[in-house]
Each structure stands twice: as structure tokens, then as C-alpha cells.
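My notes follow the model.

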Amino acid sequence: MLRLALHWQILIGMLVGSIIGISLNATCSSKTVQLTAEDGLPTGVSTAEVIDSSSSTIIRYTDKDGTTTERTVDPVSQAEGVFASIDTLETADPVAVRIYLTHGKSTAKRIGDWFARLGGLFLRMLQMVAVPLIVTSLTTGVIGLGSSEGIGRMFRRTVLYYLATSMLAIGTGLLAVNLVRPGLRVGQVENVNVPSTESESLVDVLFHQLEAMIPANPLGAFVSPNYLSIIAFTIAFALFSISVGGRTKEFVGDLATAGFEVMMAMTMAIIRLAPIGVFFLIAAVTATQGVGVFGSLAWYVVAVSLALGCHACVTLPLILRFVAKRSPLEFAKQMSPALLTAFSSASSNGTLPLTMSSVEERAGISNRTGSFVLPLGATINMDGTALYEAVAVLFIAQLHFGFNLPFSQQIIVALTALLASVGAAGIPHAGLVMMSIILHAVGLPIEMQGVILAVDRVLDMARTAVNVWSDSCGCAVIETLEARDAINASYREQQLNS
Ligand code: ASP
């Protein structure tokens with residue numbers, strides 16, 4: 001029987017999921033209901049809001065003296081559909097209220113919710129294996145490196161790669177937003193108010209990251225889970241097993257290897273479910289969001305996509321070709337289960353087990369490199385997020401000020417975007433949360449973030465895939481550099497012996 005390769009299966013799952021989700025969303029249509037005094041509307045209304053639209057529609061009116069009355073309004077409750085928005089028409093006499101209802105939306109939303117729940121089961125499986133996989137894999141990897149000198153070299157290379165690619169990504173983002181100038185092309189963009197939260201200063205955020213690396217309660221870190229704490233503690237544990245040496249080191253190494261083999265087998269079994277999981281996740285997003293959200297923010301979406309595309313399809317493949325000496329197309333195919341899952345789930349942490357198994361089982365990169373570079377990368381290396389932060393903040397600035405930020409301010413955006421991407425967690429919408437720090441740094445109102453909320457989910461999916469792609473390319477680069485060192489060392493040894 002013909003059996004399609006896994007990446008084709010996942011791709012088909014995504015395609016069918018999007019078609020079903022978009023068709024479901026398209027079944028919704030808007031309807032406007034206008035209420036007047038005949039519908040039981042009190043006269044002298046100054047404001048009106050819908051306070052319950054689940055079964056019957058209850059509207060709270062406030063009259064000119066500030067007195068509030070609540071009424072269940074029949075025409076609305078009889079109408080099929082869910083509440084979308086409300087307008088008070090001040091000019092009409094008696095004052096009328098216009099209510100927008102969206103037909104069929106409730107059914108689409110219900111089905112969308114079920115898709116999200118079913119897709120959530122797949123994500124739960126990935127979450128289930130994540131912590132034990134990181135711990136066993138990292139321990140095996142570090143003990144395999146053999147000495148703290150080997151680890152130090154790998155660490156320096158990894159951090160250098162993270163910094164270099166993140167800066168390249170931000171540069172690409174700035175170039176795109178300066179060329180496309182999305183904020184200066186937009187007519188009217190609706191501002192959705194986000195609840196204003198106290199934003200932390202950049203120093204606080206970075207200091208929290210430092211604190212996370214020294215978990216006061218390591219067991220607590222495993223339970224929450226805090227990935228940075230887990231990584232730091234596991235590396236320390238493995239390093240000290242090496243320094244204790246002898247049977248202890250052997251025992252820890254054997255235990256970790258056995259655990260790693262079991263966790264890898266579990267992950268491989270979960271991967272087989274990826275096409276179904278991805279189908280549900282994509283269908284849920286497209287059913288609830290549709291494609292209409294792109295309308296007013298089209299140029300902004302174009303700028304982000306252009307820059308992400310350029311970084312993923314030009315910059316990283318060039319590094320892959322010339323530094324890692326690998327075929328970018330071949331490597332992308334090997335990494336496709338992880339990339340497509342990252343796209344559908346918008347979570348690099350959630351995708352981590354798939355990234356690790358694809359790197360090792362499909363791309364043939366050693367556990368020694370993969371187990372070190374990937375968990376660290378999923379937490380702190382986010383090229384896609386850094387790029388997106390830069391584009392989004394400049395877009396908001398163009399909208400707010402009506403002109404492009406000067407170069408000096410753009411440098412501040414670039415630096416804060418880099419640090420914000422290091423601080424962002426590998427979970428959906430983490431980049432949006434971190435953005436308030438950059439907005440604060442260049443004196444923009446935090447509420448302006450509301451403008452881009454509508455399209456954040458789909459851009460989150462794209463930037464997460466880029467984050468995972470950059471981590472994977474980093475693995476290939478470090479693997480090649482380490483292998484070159486090993487060859488040089490053995491050559492030197494041969495020379496000495498002869
Ligand atoms: N969702 C992204 C990730 O998991 C983070 C972000 O929101 O940019 O990598």
C-alpha cells in the first residue's frame with residue numbers, strides 16, 4: 001500500500017484543516033438589528049451595552065442622568081446568532097440602538113472550540129514528554145561532551161550563533177518595515193483596547209531570567225515547568241557528575257541514556273499523530289479567525305511575512321550551505337515535522353520534542369549537539385520573534401506619530417527587540433506580551449498593541465516556525481564546527497605520534 005512520507009501527511013493535514021476551518025468561518029454572516037422605543041427601548045438612553053448574549057440578550061442602558069436599567073430585548077434574543085457589537089445612535093429620536101449580530105458564528109465557534117480541544121490533546125502529549133526528554137537528553141549530551149572545556153566551547157559557539165542570527169533577523173525586519181512603511185499606508189485601523197498591565201523594565205525582565213537560572217527550588221522548577229531553570233540545573237548536575245567521576249559518573253550516564261532511549265521511543269510514537277494533531281489545530285484557528293482579519297492590516301502582514309520569508313529562505317539557508325555545508329532543501333525536508341508542528345501550534349517549547357527527534361533521527365545530528373543547542377535555543381534563541389517585535393513596534397510608531405522613527409530610535413528598538421526575544425517564553429503570543437517593554441522604551445502607548453491583536457495568531461505561527469528553523473540550523477552549524485575540531489584534534493594527535 002502507498003504510504004506517504006510523514007511531511008506530506010502533515011502538509012495534507014494542514015491543508016484539509018485550513019479548508020474546513022475557512023469554510024466553517026465563511027458560513028457566518030453579519031446582520032444588523034436596530035432597536036427603537038417600540039422594541040421596549042427606554043427613551044433618553046445615552047449608552048447601551050450588552051451584558052449577556054448567551055441565551056437571551058440582556059442590554060444595560062444608562063440614561064442621561066446616569067441611571068442604569070437592564071432589559072431583555074426580544075428581537076435580539078429571537079434572532080439567531082451571537083452578539084458582535086453595539087452602537088448608540090445619538091441622532092435618532094427616540095434614541096435607537098443598533099446591534100450587530102453574526103449569524104452562524106455560534107456554531108462555527110462551537111465546532112472551532114472542539115477542534116482546539118482535540119488539537120490540544122496532541123499538544124498535551126508533546127508537553128508530557130518535554131521535561132523528561134530535555135533532562136535525559138541534556139544529561140547524556142553533557143556527559144558525552146566529557147569535560148567542562150568541551151561544554152564551554154560549545155556554549156560560546158551556540159550563544160554566538162544565537163546573537164548573530166537574531167541580529168540579522170532584526171536587520172531584515174527593519175529593512176522591510178522601512179521599505180514597505182505599513183503604518184503610513186493604512187487608512188483606519190480599529191484599536192482594540194488591551195487591559196493595561198504594569199510593564200516590567202527591561203532590566204527586571206533580564207534579571208528574572210538570571211534568577212530563573214538559579215532555581216531556589218529545582219523540584220518546583222520541574223513541576224511548573226520553568227525551562228531555563230530545568231536546563232541550568234540539569235547542566236550543573238551533569239557537570240558535577242563528571243567532576244565526581246568514577247562509578248557515579250557512569251551510573252548517572254547510564255541512567256540518563258536508558259531514560260533518553262525510552263523518551264525518544266515515546267516521542268517517535270507521538271510524531272505519528274502529528275498529521276491529525278496539526279489538522280485540528282489549523283482548523284481551530286481558521287474557523288475562529290477566518291481570513292477577513294487581514295483586510296486593514298494587510299500591509300503590516302506583508303512586511304512581517306516578507307522579512308520572515310527572507311530570513312528563513314535566504315539568510316539561514318546561506319549559513320546552512322556555507323557554514324554547516326548542508327543542502328538547505330534537504331535539511332528543511334528532514335526538519336519538516338517540527339517546522340509544520342511549530343507553525344500549527346505557535347509554541348517552540350511545545351514543539352521541542354519533535355525538533356529534538358527530527359534533528360537526531362531524520363537529520364543525523366548527534367545527541368551531543370542536539371541535546372545542548374535545542375533546549376537552550378527553544379528558550380532564548382527566537383529570530384522570528386525578534387524580527388516581529390522590530391517590525392510591529394515600528395509599524396505602531398508609524399501609525400501613532402505619522403512618520404518613521406529616526407535611526408537612533410530604531411537602534412533602541414533593535415537592541416530591546418533582541419533582549420525581549422531572549423526573555424520571551426516559547427509559548428503562543430509570548431512575543432506580544434514582551435512587546436510592551438519595547439513600546440515603553442521608545443515612548444509609545446502600550447494600548448496601541450491592541451491594533452495588531454487581530455492578526456497576531458497567524459503571525460505567531462509563522463514566527464514560531466522561523467524560531468524552530470533557526471534553532472535547527474544552529475544545531476547543524478555547531479555539529480559541523482565540532483566535527484571539524486574533532487578531525488583537527490585527531491590529525492594533530494597523529495602528527496605527534498608519528
Ligand atoms: N510563539 C513563539 C514561540 O513559541 C513566541 C512568540 O510569541 O513570538 O516561539
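I started with Arg463: one of its polar side-chain atoms lies 2.6 Å from an oxygen atom of the ligand. I count a polar contact as a pair of N or O atoms within 3.5 Å. The model is predicted, so local features need pLDDT of at least 70, side-chain atom pairs count only at pLDDT 80 or more, and totals for chains, interfaces and linings use all residues. Residues are numbered from 1 along each chain as its sequence is written, and side-chain values use heavy atoms, with hydrogens and water left out.

Next I checked Thr464, where a side-chain N or O atom is 3.1 Å from a nitrogen atom of the ligand. Asn467 places a polar side-chain atom 2.9 Å from a ligand oxygen atom.

How much of the ligand does the protein bury? I found 100% of the 270 Å² that the ligand exposes when taken alone (Shrake-Rupley method, 1.4 Å probe).

Then I looked at the shell. I noted 15 residues around the ligand, and the closest are Ser348, Thr385, Gly431, Asp460 and Arg463 (near means a heavy atom within 4 Å). They divide into five nonpolar, eight polar and two charged; Gly counts as polar here.

Which elements give two or more residues to this shell? I listed helix H16 (430–441) and helix H17 (456–497). H17 supplies the largest share, four residues. Helices are DSSP runs (H or I) of at least four residues, numbered from the N terminus.

I found residues 7–26 to be 100% helix, with end C-alpha atoms 28 Å apart.

Methods:
A polar contact is a pair of N or O atoms within 3.5 Å; within protein, one must be able to donate a hydrogen and the other to accept it, and residues adjacent in sequence count only if both atoms are side-chain atoms.
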